[in-house]
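Please keep the sequence and the three-dimensional view at hand while reading.

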Amino acid sequence: MKKSKIICVMNQKGGVGKTTTAVNLATAFAAVEHKVLLIDLDPQGNATTGVGIFHLKHTVYEALMHLRPLQDVIIKTFLPCLKLVGSNNELAGAEIELVPLLDREKHLLSAIEALKTKYQYIFIDCPPSLGLLTLNALVACDFVLIPLQCEFYALDGLSRLLANVQTIRQTFNPDLKILGILLTMYDGRCLLNQQVAQNVREYFKHLILPVEIPRNIKIAEASSHGKPIIFYDRKSLGALRYLELTHYLLTIYSW
Ligand SMILES: Nc1ncnc2c1ncn2[C@@H]1O[C@H](COP(=O)(O)OP(=O)(O)O)[C@@H](O)[C@H]1O
Ligand SMILES: [Mg+2]
């Protein structure tokens with residue numbers, strides 16, 4: 001099999017839809033029988049519970065700290081094509097424990113190395129920071145997907161984020177590409193949302209994905225039930241948009 005495409009979903013802001021996007025794209029890609037691995041790299045473990053896994057024997061922490069091969073911490077989910085590397089708050093320790101290590105930013109990269117032909121797509125859900133966990137994801141991945149909530153400070157954070165990506169490109173990962181910016185929790189009736197979206201489109205035109213994710217209560221409900229929206233309520237607007245985005249990425253987007 002060809003080498004996996006590794007996509008990290010990142011934004012240093014919390015609550016912008018990273019986990020929701022990682023969980024739903026991974027699920028939707030797997031639902032059409034692509035072999036997908038979802039790696040939860042956030043100590044909050046929301047991607048883990050988001051696919052209905054509430055108890056973990058092994059976590060991404062062990063793989064990241066090279067205590068166990070990544071292969072051995074992979075678990076099954078409700079979908080045959082979707083596998084998970086789960087996380088819980090044990091991972092918070094890694095942010096500090098990695099600091100004194102010589103190759104601290106390459107731990108995830110080397111953990112994934114052996115699996116690179118087993119999955120077609122690997123999605124990494126990042127924590128809301130630009131710390132060592134996120135750095136490991138940026139070094140290990142091929143593509144960065146940036147969910148962006150159209151609120152007042154969105155543009156500020158975005159410039160910093162893009163500068164960081166540029167730094168990683170110049171240092172550890174020259175082939176790193178931006179998959180795109182995904183507008184999330186978009187409410188077309190909200191004037192501020194409209195204005196920010198317009199600004200983002202003006203400044204970052206070439207980076208904006210053509211599908212927007214609306215603010216949709218069903219999405220919030222789905223995560224509290226440990227189900228991806230496309231399985232919780234597939235007719236909801238949230239599910240339809242994530243499916244549209246999946247269709248776009250799988251058929252139109254040139255990787
Ligand atoms: N499009 C949306 N509409 C409504 N609620 C959403 C939407 N996307 C995410 N949420 C909810 O907002 C909260 C934060 O989303 P989440 O994906 O966990 O963000 P992050 O991973 O960036 O912190 C969650 O409770 C989630 O269910
Ligand atoms: Mg999250």
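How many residues surround ligand 1, and which are the closest? This is a predicted model, in which local features need pLDDT of at least 70 and side-chain atom pairs count only at pLDDT 80 or more, while totals for chains, interfaces and linings use all residues. Residues are numbered from 1 along each chain as its sequence is written, chains are lettered from A and ligands numbered from 1 in the order in which they are written, and side-chain values use heavy atoms, with hydrogens and water left out.

Ligand 1 is surrounded by 15 residues, and the closest are Gly15, Thr19, Thr20, Pro214 and Ser223; a residue is near a molecule if one of its heavy atoms lies within 4 Å of it. Two helices, α1 (18-31) and α9 (217-224), each supply at least two residues of this shell. Helices are DSSP runs (H or I, at least four residues), numbered from the N terminus.

Several polar contacts (pairs of N or O atoms within 3.5 Å) involve the ligand. A polar side-chain atom of Ser223 lies 2.6 Å from an oxygen atom of ligand 1. For Lys18, an N or O atom in the side chain is 2.9 Å from an oxygen atom of ligand 1, and for Val16 a backbone N or O atom lies 3.0 Å from one. Taken alone, ligand 1 exposes 550 Å², of which the protein buries 80%; these accessible areas come from the Shrake-Rupley method with a 1.4 Å probe.

Ser223 belongs to helix α9. The C-alpha atoms of Ser223 and Val51 are separated by 8.5 Å, although the two are 172 residues apart along the chain.

Ala26 touches Val36, Leu38, Leu82 and Phe123, not counting residues up to four places away in sequence; contact means heavy atoms within 4.5 Å. The C-alpha atoms of Ala26 and Gly15, eleven residues apart along the chain, are separated by 19 Å.

The last stop is Thr246, found in helix α11 (residues 237-252). Thr246 counts as buried because its relative accessibility is 5%. The side chain of Thr246 reaches the backbone oxygen of Tyr242 at 2.8 Å. Leaving aside residues up to four places away in sequence, Thr246 touches Leu25, Ala28 and Phe29.

Terms used. Buried < 20%, exposed > 50% of the residue type's maximum accessible area, 1.4 Å probe, protein only. Polar contact = N/O pair within 3.5 Å; in protein donor to acceptor, adjacent residues only side chain to side chain.
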